[in-house]
Amino acid sequence: MSGNPTTTTPHGRSGGLRGPHRSAGTDRRAETDTGVPRRRGVLVVGLLLLAAAVLPALVVRSDVTDPPFQGLDDRWLRWMGGPHEGIYLAAARVLDLIGGPVGSLIPLSVLVLLLIRRRWVSAGFLPAAVLGGNMLVIQGLKHLVDRPRPADPLVRVDHGSFPSGHAATAALLVVLLGVLLVPVARRRAWWIGGTVFTLAMMWSRTWLHAHWLSDTVAGAAAGAGVGLVTWWLFGPALARERARSHDRRGAAAGAGTA
C-alpha cells in the first residue's frame, strides 16, 4: 500500500497536495507581499504628490512676495511665535540636524549596509531616489521660485524658501527606509509613524521661522512623491531581489535544520 493517501475527483483524477499548485499559491502570496500588484497605485499617488509641489511652485513664482496663500502663511507664522526656548527649542534643533547634516548620513549608512548584504538593486534604488529628490526636484524648484524666507530665522539657512528641503528629506527618508528595511507586515505602522515624524519636521521649520507653512507642505509632498515614483520604477527589480533573498534565507535555514 502506498504511504501517500490520495482522493478521487469526480472526473477520476487523483487529488491531494500537488507541489506545483502549492508553489503557485506561494508565488502569488509573495507577489502580493512585495507590493507588485499595487505598482500603479504607487505611481498615481507619487505623481499626485509631485503635482502638489510643482503647481504651487508655479503659483508662487508668479508673485514670490505675495502669493494667494500668503495670508495663511502669515497667520501660521504668528502662531509659531515665541518664546522659543525649553524643550520645544531642543526638539526643533534636533529635527534641524536630522533634516540637514545627519539626514545625509542616514542614507549613506543604509547604502553601506545594502552593499555589505549584496543587495545591488536596493543599492541602486537608494541613491537614485536621494539624488533625484534633492538635486533635481528640490533644488530645481528652489532655483525656479527663489522665494524669500520669513524674517529672522533662528537657524542657518540657504537661499530659496520654497520648498522646504528639510521637510522633503524627512518624507523621502520615510519612504526609502520603509521600502528597504521595514518588513511588509509592519509597513502600515511605519507609514503612520513616518507621517507623524514628517509633520513634526514641518512644525519645526515653521517654528524656527526658517520656512513658510506652504514651503513645508510642498517639500513633504515633493519628497514623498519622488520616493514613491522611484519605488514604482524599481518595483519589479526590488520584488525579485526580495524574493531571492527570502529563498536564500529559507535554504540556509533548511540546511541548518538538516
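I count rings of Phe, Tyr and Trp (its six-membered ring) as a pair if their centres lie within 6.5 Å; planes under 30 degrees apart are stacked, over 60 edge-to-face, and the rest tilted. With that rule I found that ring pairs link Tyr88, Trp203 and Trp207 into a cluster.

A note on the source: this is a predicted model, where local features need pLDDT of at least 70 and side-chain atom pairs count only at pLDDT 80 or more, while totals for chains, interfaces and linings use all residues. Residues are numbered from 1 along each chain as its sequence is written, and side-chain values use heavy atoms, leaving out hydrogens and water.

Next, the other rings. My search of the whole structure gave 5 aromatic pairs. The rings of Trp76 and Trp79 have centres 5.9 Å apart and planes at 65°, so I logged the pair as edge-to-face. I looked up exposure too (buried is under 20% relative accessible area, exposed over 50%, partly exposed in between, with a 1.4 Å probe and protein chains only). Trp79 is exposed at 56%, and Trp76 is partly exposed at 24%.

I then turned to Trp191 and Trp231, a tilted pair with 6.4 Å centre to centre and 45° between the planes. Trp191 is partly exposed at 28%, whereas Trp231 is buried at 15%.

What does Trp231 touch, beyond residues up to four places away in sequence? I listed Val42, Phe125, Val179, Arg187, Trp191 and Leu238, taking contact as heavy atoms within 4.5 Å.
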